[in-house]
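Have a look at the model first, then read on.

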Amino acid sequence: MNFSLKRARAIFVKDYKEFTRNYGLSIMLFVPIIFAIIFRGAGPNLPGAIGFLLNLSFVLLTCFAQACLFAEEKERSTLRSLMMTPATTLDVLIGKSALVFVLSTIALSISILILGYKPPSLWAFVAATLFSIILYTSLGTICGLYSKTLVDASFSILPVSIIFSGAPWGAVFENDYPILKVLNYMPSSQLVHLLNVPRTGFTVEDLTKPLLFIMSWTVVVTVVSVVLYQRRLKDE
Amino acid sequence: MAVIRVEHIGKKFGSRAVLSDVSFSIAKGEIFGFLGPSGSGKTTLIKLLTAQLNSTSGQVYVFNEPAEKMLQSVQKMRFGILTDNSGLYERLTIEENLQLYRQLYSLPTSSIEKALQLVNLSGERKKKVKLLSKGMRQRLLLALAIIHEPELLFLDEPTSALDPVNAAHIYEGLRCLNSNGTTIFLTTHDMAQAELLCSRIAILFQGQVRVIGTPKELKHQHREHIVCVELINEESYELPINEETADQISLWMKSGLINRIETKEPSLSDIFIKMTGSELL
């Protein structure tokens, strides 16, 4: 599968121009920052604040923005036109995902700084956050490709929001409802496990286990998004 | 050399057959017009030729390769397409839309000006797409389709939203592209322009090609063997072409009674109506 940095960059620049002129969508950039300011006001050690902030932002910013970018292209038939140009699957997916990845990284970095969160291991935290951004960008791509309009895209992220953002909360009830143990394997729950690792006395396994879970989810969901895009090349 | 070769293709959506046993070929440098009423399968055919759909039966070859290969970047560089499914980025300007395509096709900056001139939009380049009229949008879509001066151009109703002046400008541009070697496959409802522009024409009806040939051949095949005579006293006659009519005309001519004499040649619209039994919508 070919990849052209020039073509991906052209798509990125086009998306950036569209995003900056789309106030309804660009306002989503402030969601994590607003939550960070609220949580900081409640005190820097508010339990679960960082997990809630990250998992919510991944859905409301990363996944939603990506779903909207794709759904709008589908609604206006520009995705079909793009598919008819020499841009390959990788050019389009990387070009279109790069904007959401960059914006999410910037917005979340500012939010974490505002919140004043200090991770037990910086490299593990950065890796988990970056993999999660890729994961939720791919989920957004899938939602966008399944949507025909922007309204559809807004509804399509509801299941993602319930299943992914809600998993750590659902897992709290695993003792009462053993079936909910499965929620521990969701990437959002694994991220919370990673964030809850104590700052002293942790083992490497405490960090690598949740990280591997998140990485595996990222790989699987990204592959699914690529396959789905390739199927959409056909207008059957 | 055939740029497009279609052999007995059929396409079904569920149990509904949209195309059945369609065969034709298009040589390099031709302007091939596909005429047919709405829903006759014209757009489906373009989608099959550009690998957006798979045929249910038969074979499609474009540039001597199976149509499936049209999804490869190398092949996409060779063709341009404008259909109902083509879209524009509303928040960007005309120039920004073209800029994206210029970069996707790795073209020089001058290609934007060339494309704008061809569709008569040079003066509007800074306008946002959401402020454009339907006709201007159609012209921009055409500019995006031809910016890379493709070897093969698919056009689905390229002038459907245009006024006669802009339509004429577009057709002039297409002639210019064609003279530079671009093969054009177009569907249109504009019979008069199809007749002037197309080197060959096919009429598609209910998923089947009913007639195919040059406009001259089609007119010859479907001509009515009738001669129309108008006399100086304003009487007019439609007479069958035979010896008796020849004698009668000869007699009138000797007497200096004939004002006008012509054979009755069908227009493409007449042929279309004859083939499909319906007016073109």
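In this predicted model, the largest nonpolar core holds 119 residues. A nonpolar core here is a set of buried Ala, Val, Leu, Ile, Met, Phe, Trp, Tyr and Cys residues joined through side-chain atoms within 4.5 Å, and buried means under 20% relative accessible area (1.4 Å probe, protein chains only).

**Nonpolar cores**
- Leu54(A), Tyr229(A), Leu98(B), Leu140(B) and Leu174(B) have the most contacts inside the largest core.
- Helix α4 (residues 49-75) of chain A gives the most to this core, 15 residues; helices are DSSP runs of H or I with at least four residues, strands are runs of E with at least two, and both are numbered from the N terminus.
- A separate core of 30 residues includes Val3(B), Ile4(B), Phe24(B) and Phe79(B).

**Around Tyr229(A)**
- Leaving aside residues up to four places away in sequence, Tyr229(A) touches Phe70(A), Leu79(A), Met83(A), Thr89(A), Val92(A), Leu93(A) and Leu145(A), where contact means heavy atoms within 4.5 Å.

**Chain B overall**
- Chain B contains 10 helices and 13 strands.
- Its C-alpha trace spans about 75 × 45 × 35 Å along the principal axes.
- Of the 281 residues in chain B, 51% count as buried.
- For chain B contacts between residues at least 6 apart in sequence, 65% join residues at least 24 apart.

**Reading notes**
- Residues are numbered from 1 along each chain as its sequence is written, with chains lettered from A and ligands numbered from 1 in the order in which they are written.
- Local features need pLDDT of at least 70, side-chain atom pairs count only at pLDDT 80 or more, and totals for chains, interfaces and linings use all residues, while side-chain values use heavy atoms, without hydrogens and water.

How values were computed
Buried means under 20% relative accessible area, exposed over 50%, partly exposed in between (1.4 Å probe, protein chains only).
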